[in-house]
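Please open the model in a viewer and keep the selection panel at hand. The stops below proceed from one selection to the next.

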Amino acid sequence: MATKVVMEALSPTMEEGRLVEWKKNEGDAIALGDVLAEVETDKAVMELVARAGGTLLRQTVAAGATVPVSAEVGWIGEAGEGVPSRTDKTDKTGKTDKTDKTGKTDKTDKTDKTGKTDKTDKTDRTDKTDGRDGAVARAAPASVGRVKASPVARKMAAETGVDLTTVAGSGPEGRVIKRDLESTPIRLPAGPAGPPYTDTPLSQIRKTIAKRLVQSIGPIPTFYLTTEIDMERAADLREQVKATQGEGVKVSFNDLVVRAVSLALVQHPACNAWWQDDKIRYWHEIHVGMAVAVDDGLITPVIRHADRKTLFEIGAESKELAGRARERRLKPEEYTGATFSISNLGMFDIEHFTAVINPPEAGILAVGSIAPIPAVVDGAVVPRRRMRVTMSCDHRVIDGATGARFLSTVKLLLENPASLLLP
Amino acid sequence: MATLTYRDALNQALREEMARDSSVFLMGEEVAEYDGAYKVSRGLLKEFGPKRVVDTPIAELGFTGIGIGAAMVGLRPVIEMMTWNFALLAIDQIINSAAKMRYMSGGQVGVPIVFRGPGGAALQLGAQHSQAFESFYAHVPGLKVVTPATPADAKGLLKSAIRDDNPVVFIEGEMLYNQKGEVPDGEHLTPLGKADVKRPGKDVTIVCHSKTVGPALKAAEQLAAEGVDAEVIDLRTIRPLDTDALLESVAKTNRCVVAEEGWPFAGVGAQVVDLIQREGFDLLDAPILRVTGADVPMPYNKHLERAAKVDAAKIQDAAKKVLYR
């Protein structure tokens with residue numbers, strides 16, 4: 001029986017996708033997991049992979065077409081096998097109509113109209129369109145065809161909450177087996193060690209602060225803290241690394257800022273939190289988002305566990321993520337889940353700006369350019385390379401003094417950059 | 001603990017049980033004067049006399065019926081079949097009388113009897129004398145079916161079979177009689193219905209019994225050299241089947257191969273597979289594979305005979321298949 005290929009929900013918020021390019025032609029042999037097409041989502045260009053093996057029997061939408069999530073885009077089956085008559089309105093293209101008129105496919109169509117198969121198709125569609133929000137996204141891949149998994153793998157997946165459609169099976173015909181789940185990082189909602197955050201119910205004072213401030217200046221009551229950081233030593237550090245380590249090992253100012261912010265968040269967990277309407281989620285893990293300009297907007301790739309990474313690891317990872325961000329090749333999990341963000345416009349010679357908070361995060365640090373300006377050192381006016389940073393704070397989560405203490409730690413670390421080299 | 005052959009372990013069990021209980025007697029072709037066709041009853045005539053060690057004519061249906069009658073009136077006969085191939089002549093008595101008497105008398109008359117003798121193929125005995133019948137008898141409610149693989153189990157299981165109040169079909173391995181092993185002295189009873197882990201392992205379960213235990217252990221050794229830790233489960237009793245032991249093992253390994261000497265269709269392995277998929281569906285990571293004798297009358301030609309039999313290489317191959325290696 002042929003397997004329907006549908007537009008899958010490739011990002012959490014995706015409602016429709018544009019089929020940029022078919023990677024397989026009709027008649028091509030398909031192995032499970034092969035890339036069938038590239039799909040542009042609301043966030044990125046992603047790959048639509050085959051959920052069944054065989055032959056690509058039909059492309060029911062042409063390249064360039066935009067179709068809703070879970071709509072049919074093609075069929076995979078055995079070579080020569082007919083495919084059910086089309087039911088989706090979006091499918092109508094001249095090309096496929098012609099195919100329908102060939103005797104063989106016609107016959108298949110007739111068979112399909114004799115009740116059962118047709119009915120099944122309809123039920124299928126109703127299922128998909130009736131659901132709303134997230135349920136649709138999750139249901140869609142499952143409806144493409146049954147995921148092959150051994151009984152013990154299914155049981156393990158059910159117990160640990162792993163979505164089997166996201167696991168690549170290493171058994172025969174792509175069957176998901178036990179070892180595939182043993183090697184998949186399992187996302188437990190609550191393991192023995194507990195979740196990587198603490199939810200704190202809102203106290204009355206926090207509730208009142210939240211209510212009053214929202215009335216005052218909009219849904220996220222933001223305030224701004226600005227400080228100027230002396231970057232002389234940080235600049236020296238960069239030059240020392242450059243002079244001694246040669247080409248290939250570079251430390252950028254941005255890497256230093258990411259590292260300083262991560263370490264400061266360890267000391268000030270109150271700033272590493274999400275506003276969750278009825279509670280505040282204080283994260284035990286530090287994931288730093290890094291705004292990257294792309295052609296038609298911006299995206300914030302996330303450096304996970306940034307506090308546990310060395311300066312050089314942060315440097316390599318941010319470079320790699322930014323590169324793929326510009327190519328729009330980030331996976332959803334690579335640009336979601338930050339606990340704090342940084343926006344750096346220093347390279348555009350912006351002295352000072354304020355950044356907009358990316359909810360549910362509670363803070364973002366706007367980083368300006370580094371320029372020599374007159375400063376007073378030991379009673380004398382001397383030129384110093386200085387950098388102005390401004391932290392935007394969600395007042396429902398972070399109070400003025402809390403943010404100020406965090407920012408002074410960032411400043412202290414950047415002004416004494418040797419501390420950033422410690423593992 | 002002494003090192004005995006499988007043959008002598010059986011002899012010891014018979015001797016001990018006959019000495020312990022005067023209602024136990026042995027009857028069959030050549031069991032007395034000739035000391036048994038396979039010398040299992042060696043010395044018993046001399047020790048217990050002609051009333052308790054009885055030679056019979058070549059008439060399986062007759063002496064099996066006499067044995068069942070004796071059991072019905074209170075004795076504990078051990079009926080020796082020269083081989084289980086010849087017991088086909090007696091199968092009406094075993095199935096229609098022994099297996100059903102307790103049920104059809106409403107529990108008034110039990111048949112505490114043991115039918116014992118060698119089963120399965122030896123070497124080039126031809127199609128009619130090379131058959132494994134355990135699945136035939138295991139099919140029948142009212143019978144217990146026991147298939148020892150080692151000298152210690154041969155002794156322990158035969159003693160338990162003689163003491164059991166139900167008819168027990170006790171199938172020895174013709175090729176196992178000379179096998180040696182340590183056998184506990186005296187009161188060594190191996191319970192019926194309990195499988196035995198002959199080799200612990202964690203990667204794949206190999207279920208076997210009787211003559212396939214040896215090849216299974218050899219396959220496990222060869223698998224170990226390839227980094228696969230196989231567990232070998234000897235069923236020992238085919239009916240009642242040890243459900244718990246099978247499920248415990250598969251819970252650990254998630255993979256299973258069942259080896260048996262008999263033919264594939266409706267074989268012992270089919271029952272094991274049924275049990276595991278039904279009771280242990282969520283334990284499985286791969287389909288269960290069976291390794292059986294070829295689905296043909298046993299060839300006489302020695303090369304064809306070898307090809308038709310289960311061996312370690314076939315078990316090893318099946319284990320690798322269920323491991324997807």
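Begin by selecting A:Pro360, which sits in the loop of chain A between strand E17 (340–344) and strand E18 (363–377). Helices (H or I, at least four residues) and strands (E, at least two) are DSSP runs, numbered from the N terminus. The peptide bond that joins A:Pro359 and A:Pro360 is cis, with omega about 5°.

The model is predicted: local features need pLDDT of at least 70, side-chain atom pairs count only at pLDDT 80 or more, and totals for chains, interfaces and linings use all residues. Residues are numbered from 1 along each chain as its sequence is written, while chains are lettered from A and ligands numbered from 1 in the order in which they are written. Here pLDDT is the predictor's confidence in each residue, from 0 to 100. For the complex, the predictor gives an ipTM of 0.71 and a pTM of 0.54.

**Chain A as a whole**

Select chain A, which has 11 helices and 19 strands. Of its 423 residues, 34% count as buried. A residue is buried if 20 or more other C-beta atoms lie within 10 Å of its own, exposed if 12 or fewer, and partly exposed in between, with C-beta atoms placed from the backbone. Among the contacts of chain A with a separation of 6 or more, 64% are between residues 24 or more positions apart. Two residues are in contact if their C-beta atoms, placed from the backbone, lie within 7 Å.

**The contact between the chains**

Next, display both chains together. The contact takes nine residues from chain A and eight residues from chain B. On the side of chain A that touches chain B, helix H5 (residues 151–160) gives the most, with four residues. By class, that side of chain A has five nonpolar, two polar and two charged residues. Ala, Val, Leu, Ile, Met, Phe, Trp, Tyr, Cys and Pro count as nonpolar, Asp, Glu, Lys and Arg as charged, and the others, Gly among them, as polar.

Now select chain B, with 12 helices and 14 strands. Of the 325 residues of chain B, 54% count as buried. Its mean pLDDT is 97, and 100% of its residues reach 70 or more.

Select strand E4 (residues 76–80) of chain B. Five of its five residues are buried, so E4(B) is largely enclosed by the rest of the structure. B:Arg76, B:Val78 and B:Glu80 point one way from the strand, and B:Pro77 and B:Ile79 the other way.

Which strands pair with E4(B)? Strand E2 (residues 24–28) of chain B runs parallel to E4(B) and is joined to it by five bridges; B:Phe25 stands opposite B:Pro77. Strand E5 (residues 114–119) of chain B also pairs with E4(B) in the parallel sense, over three bridges, and B:Val114 in E5(B) is the bridge partner of B:Val78. Two strands pair if DSSP finds at least two bridges between them.

**Helix H9 of chain B and the loops**

Move to B:Pro240, in the loop between strand E12 (237–239) and helix H9 (243–253) of chain B. A cis peptide bond joins B:Arg239 to B:Pro240, with omega about 0°.

Continue into H9(B), whose buried residues are B:Ala245, B:Leu246, B:Ser249, B:Val250 and B:Thr253. Seen down the helix axis, these buried residues fall within an arc of 120°, so they line one face of H9(B) (the arc is that of the directions from the helix axis to the C-beta atoms). They pack against E10, strand E11 (230–234), E13 and H10 of chain B. Just after H9(B), B:Asn254 takes a positive phi of about 65°.

Two loop residues of chain B come next. B:Ser210, between strand E10 (204–208) and helix H8 (213–225), has a positive phi of about 50° although it is not a glycine. B:Ser210 is buried, with 28 other C-beta atoms within 10 Å. B:Ala266, between strand E13 (256–259) and helix H10 (268–279), has a positive phi near 55°. B:Ala266 is partly exposed, with 13 other C-beta atoms within 10 Å.

**The nonpolar cores**

Finally, select B:Ile206, B:Val207, B:Ala216, B:Val257, B:Ala259, B:Ile315 and B:Ala319, which touch the most other members of the largest nonpolar core, of 110 residues. A nonpolar core is a set of buried Ala, Val, Leu, Ile, Met, Phe, Trp, Tyr and Cys residues joined through C-beta atoms within 7 Å. Apart from this core lies another, of 83 residues, among them A:Val73, A:Ala325, A:Val397 and A:Leu413.
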